[in-house]
Every structure is written in structure tokens, then in C-alpha cells.
Amino acid sequence: MDSFIQIDIYTSSAAIDGICARLTDCGIDGFAVRDSADFKDFLADKSSNWDYVDDSLMGLETAEPCVTVYVHDNDQGREQLTQIRLMVDELNLENADGFYGDLRVELKNVREEDWANNWKKYYKPFRVGKSLIVKPSWENYDAKEDDKILEIDPASTFGTGQHHTTKMVMEVLEGVIKGGERVLDLGCGSGILSIAALLFGAKEAVVCDIFENAVSTASENIEKNHFDRSRYRAFCGNVIENAELRKEIGGGYDVVCANIVADVIIGMSPLFGEFLNKNGILIVSGIIDDRVDEVMAALSESGYEAVVKKNEEGWNCIELKQ
């Protein structure tokens, strides 16, 4: 089992690009950057599609800027480490004005197994609602007679089902899927909601996301759960801006899910009717407490009425009908 040396170079925000360029000259072609300035810019960007930042991330706001690289703990890696140390020493000679910040170097030894797999110990099978079990592929689970097993790995991006918003949608789906429904998942992420709907008995799931890697990930996860292309379709694009895409996705859906954020749901509110059948059910989620009234006002204006409202830890999921 290979071991790696983790090299943390603490510097200033202004110097990060220059240090990354110097690391490339040392033969390093990958690095991780932690920069409080970038994080503050992210928080200030009101155009971003987010309403909430997890408390565990807020420490980045005051974090000391740092560039992290990994080299193999072998002769070649130690040679690269020596080059990096020499590079930092050279920069220190140019650092009379403090442009490069602290320029402190810290080392940690990391085993490949630990580096790649330590996060797995935090992800275990868990139950959602009455019958759904969400589990990673490497975990065994002694299923009960009526359990439905949904297999998805944290390495698959865009959602593992652990967040309140996703769990609440799956709980609502368990109640509304009776068998044979057509389901549309807008902002599909990992595809977990569509997989849940299919497991509950939906006839067809259609997934759509603005990110191509989300669409491909969702497709892979649906097939990993033993549903082939006869049971799902996948689209990439922005349904708010692209009328042709909306036409291609089509209408007549029994259930439409939109587990996104308030601003996107508000933007979609006049369009949901294009997708739903006359008695269709709309499920929206990903809405923080402060935005519920705005979302409900927009949906009410488009003719929707709340049937079920769920709230967990400041997050909201709403089931609606016209």
C-alpha cells in the first residue's frame, strides 16, 4: 500500500497563483487550495444558486490561505519535496514585504488507503420512511421482507440522501407513488429521487440537470440499481431558458420533483404546468425557512396549493397540487 506525503504551504491570498505556477515547475500537476478570500467572494455572490452554507464550511471564512499537494513517499516523491522546499526558501528571500505571507510548510504522512477510503466510515445504511434503505455499495444490509434497497455511493456527486431536503422528498414520494406513475426529476443531481420513485413502483423516471456530470452520474446510479433505459430518460440543460428542451422532456407527468433552491423554484413556478398532468403532484424542496413565503407566493400565483408541508432543521419540503 502506497504512502503519500501531504505538503501544506501556508501563504497569502495574493500569492496563491504564483505558488501554484512554481509548483507546476516542480512537476506537481494537482493541488488543493484553501483561500478565505475566494470563500468570501462566494458568499457575496448573490447570483449563485445557494441559500445556505453548512456550518462546517464557515471556518473557511477565516482560514489561513494554504496550498496543499501530495507526493509519493518514495525516492521520487522526496526529490519533489526537496524541490518544493528549495522553492519556498527562494520565495522567503523575496518576502521582505510580506507578499507571500507566512510561507510556512507543514508535512503529514498519509497512507493511500486512508487518503482514499477514510471517509467511508462515516457513511452507513440508513432508513428513509417506512421501507426505503439507502446504502453504499460496500456495506452489507440484512433487509427485511418489505425493504427496498437504494444503492448509492458518496463518491457519486450531488447527493447521497443524507440531507434533510432529500430525505423529506423521498418520504413524500413513498406516500404519493402508488404504481405506474411517470416522474420528472428537475435538478436531479445523483438521481437518488428518481431511483427512489422507481423502487416505489413508478413506471418511468426522467432526469434533468444543468450539469452534464450530474446527468451522467444519475444515469449510472439508476442503472446501478438495476433499471435500464426502458425505465428512464436523461436530459441536460436549463428548462427555464430552453423552451426546446421543455418540449423534448414533454408533459403528462404524474409527479414532478424539484429539490433545488428557492430562486430556481421561483423561476420554474410558471413552467411546472407544462410538465404535470391535470391531477399531477408537484414536490419542491431545498428551501430554507427564510424563503418559504417567497416560494409559496410564486407557486400560489401559478395556481398551486400546498397539500403537505414538511420541515426539518430549518429546511422545507412542500407537496402541492393545482
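## Two helix pairs

Helix 5 (residues 164-176) packs against helix 6 (residues 192-200) at an angle of about 20 degrees, and their axes are 10 Å apart. Helix 5 is therefore roughly parallel to helix 6. Angles under 35 degrees count as roughly parallel, over 145 as roughly antiparallel, 65 to 115 as roughly perpendicular and the rest as oblique. This is a predicted model: local features need pLDDT of at least 70, side-chain atom pairs count only at pLDDT 80 or more, and totals for chains, interfaces and linings use all residues. Residues are numbered from 1 along each chain as its sequence is written, and side-chain values use heavy atoms, with hydrogens and water left out.

Helices are DSSP runs (H or I, at least four residues), numbered from the N terminus. Axes are lines fitted to C-alpha atoms over the stretch in contact, and angles run from 0 to 180 degrees between N-to-C directions.

On the helix 5 side, T166, V169, M170, L173 and E174 make the contact, and helix 6 brings I192, L193, A196, A197 and F200. Contact means heavy atoms within 4.5 Å.

Now to the other pair. Helix 1 (residues 16-25) and helix 3 (residues 75-93) have axes that come within 10 Å and cross at roughly 140 degrees. These two helices are therefore oblique to each other. Here I19, R22 and L23 of helix 1 meet I84, M87, E90 and L91 of helix 3.

| Pair | Angle and axes |
|---|---|
| Helix 5 and helix 6 | about 20 degrees, 10 Å apart |
| Helix 1 and helix 3 | roughly 140 degrees, within 10 Å |
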